[in-house]
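Subject: Handing over a structure

Dear colleague,

I am passing on to you the structure below, and after it you will find a walk through what came out of the analysis. Please read the two side by side.

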Amino acid sequence: MTTSELWRWSAVDLADAIRLGTISSVEAVRSCLDRIAAVNPAVNAVVDVLADEALTAARDADAARAGGRELGLLHGVPVTVKVNVDQRGRATTNGVVAFRDVIATEDSPPVANFRKAGAVIVGRTNTPAFSHRWFTNNDLHGATLNPWNRERTPGGSSGGAAAAVASGMGALAHGNDFGGSIRYPAYACGVVGLRPTPGRVPTFNPSAKAERPIVAQMMAVQGPLARRVADVRLGLAALAAADARDPLWVPAPLTGAPIERPINVAMVPDPFGTADPAVSAAVRAAGSALSQAGWKVTEIAPPRLREAADIWHKLVTNEEKRGLVPAIRAYGDDKSRRNIDAHLRYAPSLDADGILTAFETRLSLIRDWQLFLSRYPVLIMPVSDQLPFLDDLDMADDATVTRLLDSQRCLLATPALGFPSVSVPTGLAESNIPVGVQVVAGRFREDLCLDAAEVIEAQPCGLWRVHPSTPPPASGTFPCARNAVSRPDRSAAKTACRRVAAFRASFLAGCRHRWPSAAAR
């Protein structure tokens, strides 16, 4: 593979090769910038391209390696950052026309941690206005298209991040997730997206005029998206470094206590009897992959799943009435106003006593789920009941929007309760529509989520990593260029796991975080 094709490489492989001197950071970054120039005009995922700044940082990264300096986990690796977090010298637009000149004077913790890890930021990615839709378009930056099928949403609010990594514009992307804003775009674009436990990754926007409200403090998180699970794991290690500006950051180890084997897995293919057959089939395929790998899979639903999703609507939507709703009324675009109005009609209006009661109910829900996860440490369920929505479906009539919101219950339950979860692709449904599953585990057990996701990723029927190679036609799907190799069989997958485990052992030597051996699964 030529250096012009380095955009195809994983973050793990790029970091390894740059560290060894096999390639330079400048070569990797230039390849991604060329890829952005070729594909982004059609996809519109990266709305602020940082070519000059990125090449300067890449040269500095190469000079640091040549000078024998200590190198970070992502040294020289090209990444993207979502446009709703502060990055020094850039506008934190959050997709809002009125914020186009809100220039950050310092980095937010996710950006600072990417830089500390040696990553090179090649661009900033699109989000809906106020980052409050599962669809990514706004009056300031325009619409982001799904790299697989332009008629489908790329997801939101981290739709630009997911579309960017899916089409090779960066090896790793930053996103954030309050109500599925990492996992749903990952699902829609056929990539991997991790929602960490609240407190795992530090967060703070220095440009913010006020502190985040209480429910946002409890549920909103920062996390990575990538084309491979191993890259997400590496991205989490970089993003999770301490930052004193976030009082809620928790110094929890990235690897938890060993789980008795075989690990019990709960699988729920159709939690509410409304799932698309392709969605249920994806969950069953994921369960089968885990079962073949020696995990003990049982078809059983977690407790009070619908109630957990309802708690999200009760707490989040009623809190948004205090700050977000007036802001959208004043500064949002038409689609953001229609979207927030639909959420207000869907969620029950609560008084102070009702909100306090909802907080009390939430505690009992978390208790019931923790007891469930003590018996079944891993849960496999849909990301959404439906395949990725037709774009702008939330602009339809009330009945359609109600069905849309109902179909996202699995997506909303996990942030309401504070558990980590990862969206991992399993394949393609009809007409080049990605489909995948959600893997959930206990608090601060992202390692278990990712362990299971790696097994699912390696299943023979899984989605091989594909990047749209040309701009889309006037309608329909993107022509896609598949990797030259076929999907690996089970023995090849195990060989790949052993290679990744060997890489981790050498690459992370001396690092305070230790990964479990993938080969031991």
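Helices and strands are here DSSP runs, helices being H or I over at least four residues and strands being E over at least two, and both are numbered from the N terminus. With that in place, P262 can be located in the loop between helix 8 (229-239) and strand 9 (264-267), and the peptide bond that leads from R261 to P262 is cis, with omega near 5 degrees.

Before going further, please note that this is a predicted model, in which local features need pLDDT of at least 70 and side-chain atom pairs count only at pLDDT 80 or more, while totals for chains, interfaces and linings use all residues. Residues are numbered from 1 along each chain as its sequence is written, and side-chain values use heavy atoms, with hydrogens and water left out.

The chain as a whole

The protein chain has 17 helices and 15 strands. Of its 521 residues, 60% are buried, where buried means under 20% relative accessible area, exposed means over 50%, and partly exposed lies in between (1.4 Å probe, protein chains only). The protein chain exposes about 18,800 Å², of which carbon and sulfur atoms supply 53%; such areas come from the Shrake-Rupley method with a 1.4 Å probe, and for residues only the protein chains shown count as cover. If contact is taken as heavy atoms within 4.5 Å, then among the contacts in the protein chain with a separation of 6 or more, 77% are between residues 24 or more positions apart.

Helix 12 and its surroundings

Helix 12 (residues 334-346) has 13 residues and spans 19 Å from its first C-alpha to its last, close to the 18 Å expected at 1.5 Å a residue, the expected span being 1.5 Å times one less than the number of residues. Its buried residues are S336, N339, I340, A342 and H343. Seen down the axis of helix 12, these residues fall within an arc of 155 degrees, so they line one face of the helix; the arc is that of the directions from the helix axis to the C-beta atoms. As background, an α-helix has 3.6 residues a turn, so residues three or four places apart point the same way. On the face of helix 12 turned away from the buried side are the exposed residues D334 and R345. The cover over the buried residues of helix 12 includes helix 10 (305-320), helix 11 (324-331) and helix 14 (398-406).

I340, which lies in helix 12, counts as buried because its relative accessibility is 0%. Setting aside residues up to four places away in sequence, I340 touches H132, E320, V325, I328 and R329. The C-alpha atoms of I340 and V325 are separated by 7.1 Å, and these two residues are 15 residues apart along the chain.

Strand 3 and its partners

In strand 3 (residues 120-125), six of its six residues are buried. Two strands are said to pair if DSSP finds at least two bridges between them. Strand 1 (residues 46-49) pairs with strand 3 in the antiparallel sense over three bridges, and V49 stands opposite G123 in strand 3. Strand 2 (residues 78-82), by contrast, pairs with strand 3 in the parallel sense over five bridges, with P78 having V120 as its bridge partner. From strand 2 the chain crosses through helix 4 (residues 109-116) to strand 3, and this β-α-β crossover is right-handed, in that the path from the first strand over the helix to the second runs clockwise when the strands point away from the viewer.

Loops and backbone angles

T197 is found in the loop between strand 7 (192-195) and helix 7 (214-219), and it counts as buried at 1% relative accessibility. Leaving aside neighbours within four places in sequence, the contacts of T197 include R443, F444 and R445. F444 in turn is found in the loop between strand 13 (433-441) and helix 16 (446-457), is buried with a relative accessible area of 14%, and has a positive phi of about 60 degrees although it is not a glycine.

D392, another residue other than glycine with a positive phi, near 65 degrees, is found in the loop between strand 11 (378-381) and helix 14. There is also a cis peptide bond from G156 to S157, with omega near 10 degrees, and S157 has its place in the loop between strand 5 (142-143) and helix 5 (159-166).

With best wishes
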